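Here are some notes for a colleague who is meeting this structure for the first time.

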Amino acid sequence: DADPLLNVRNTPLGEALPQVFGPLGIPVRVVDSAADVRVTSGRVRGPRGTSATAPRTVVVDRAHPVPGQKVWQFANSIVSRLGYLCWVAPDADQGLALVVDVPRSSGAPSYLFLRRELADGSYEGNILTGGETLSSKGVPTTVSVYTGSDRGAQVSARSAVTTINVGLGDPVVTRGLVLDPFPAQPLHVRSQRARTRTRAAQEGSRAILEAMRGFRTYECMVRGHGQTLDDSRLLYALNTIARVRDDVCLDSEGNPLDEDMLIVGIEFRRSRSGGTLTRLRLVPLGSLLIEPDA
C-alpha cells in the first residue's frame, strides 16, 4: 500500500514519484521515453515524437494517497491527471526506470518484424507466430465528461466537455476493417475529480485511449530480446515504433499488413526447450492520443 501520510502536492513529478515508491525499497528515476531507449539499449540518440514538456518538471496537484490505495494505483493517478502515461523499463544503472511520457505518434521505426510470402509458398522473416485482432466493443465515438451537476440526477449541458475519437475516422488506424462512417457509440461520464474543462477533456481523452488499446492489435512471437540497429544491439522497449509486414494478416481487399506500429506490450521469455523468445503487442501508430498539461 501507498503511505497515506505522504504529501507530494506542489512537488515536481521527478521528485514525487521516487517518494511514492520509496517505502518499497525500489530505486526509481523518472525519465521520458527518449531517455528510456538510451537507458535500455545504450543508444546515443533517442527517438523523435516524444512529449515537448519534460514530465520530470511538471508539478503534482494531488496531495496524498487514501488509506488502502496501492503504490502503482496512486502513481498512475498522478500521472494520468497530468495527461501522461507511465510504465517501467530496465535500467542499467539503478535496476528500474519509471518512464513518463505520451504515446509516440510519429518517428522512424526502430525494429522490423517480417513474415513475407515467397513464390514457392514458404515464408521468410523473423516472425514465428503472429496475428491481428480487431474489436470495436466498448470503443466510443465521442466521450462527454460532465464536471458538475444540478440537483438530483440531472447534469448541466454547460459543464459538458466532449472529446471526439478521431482514430475511428483514420483509415490507417482502422485499415478499412470497420464501417465508414463508424456507428455512433457515445459515452457520457460524470467526473468525480475534474474541476476545470481542461481536466474534463483529459478524462475524455483517457477514456478513448484505454478503449483504443484493444481496438486493433497485432501480436507476434520472435526470437531474441532485441535487434541490431546501427551496429548496436537494441533491446525491445515500450513506446517505440516497429515496421510490421505480415502477409498472413490480410485486410478486406486482400492486402497484407504493412505499416509502422507502436509497441505497447512486451513479454520476455527464456527456457531450455524454447530458447530466448519475446512476445510483443502492437497497435496502429496514432491510435493512442493524449495531451499533457501545458
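**Sheets and helices in the predicted model**

1. In this predicted model, seven strands make up an open sheet with mixed pairing, and their order is S5-S4-S13-S14-S15-S10-S6. The edges are taken by strand S5 (123–124) and strand S6 (127–134), each of which pairs on one side only.

2. Within that order, strand S10 (residues 216–223) and strand S15 (residues 275–284) are paired in the antiparallel sense, over six bridges. As a point to locate on the display, Met221 stands opposite Arg279 in S15.

3. A further open sheet consists of three strands in the order S8-S7-S9, again described by mixed pairing. Strand S8 (160–164) and strand S9 (186–190) each have a single partner strand, so one side of each is left without a neighbour in the sheet. On average, and with direction ignored, neighbouring strands of this sheet are turned by 20° against each other.

4. Strand S7 (residues 142–146) pairs with S8 in the antiparallel sense over five bridges, and Thr163 in S8 is the bridge partner of Val143. Helix H5 lies across S7, S8 and S9, and its direction makes an angle of about 35° with S8.

5. How do H3 and H5 stand to each other? The axes of helix H3 (residues 71–81) and helix H5 (residues 197–212) come within 10 Å and cross at roughly 115°, and the two helices are therefore roughly perpendicular to each other. In this contact, Asn76, Ser80 and Arg81 of H3 meet Arg199, Gln202 and Arg206 of H5; the residues involved divide into three polar and three charged, with no nonpolar residue.

Methods
Residues numbered from 1 in each chain as written. Predicted model: local features only at pLDDT ≥ 70, side-chain atom pairs only at ≥ 80, totals over all residues. Heavy atoms only, no water. Axes fitted to C-alpha atoms, helices over the stretch in contact; angles between N-to-C directions. Helix = DSSP H or I, 4+ residues; strand = E, 2+ residues; numbered from the N terminus. Parallel < 35°, antiparallel > 145°, perpendicular 65-115°, else oblique. Contact = heavy atoms within 4.5 Å. Nonpolar A, V, L, I, M, F, W, Y, C, P; charged D, E, K, R; others polar. Pairing = 2+ DSSP bridges.
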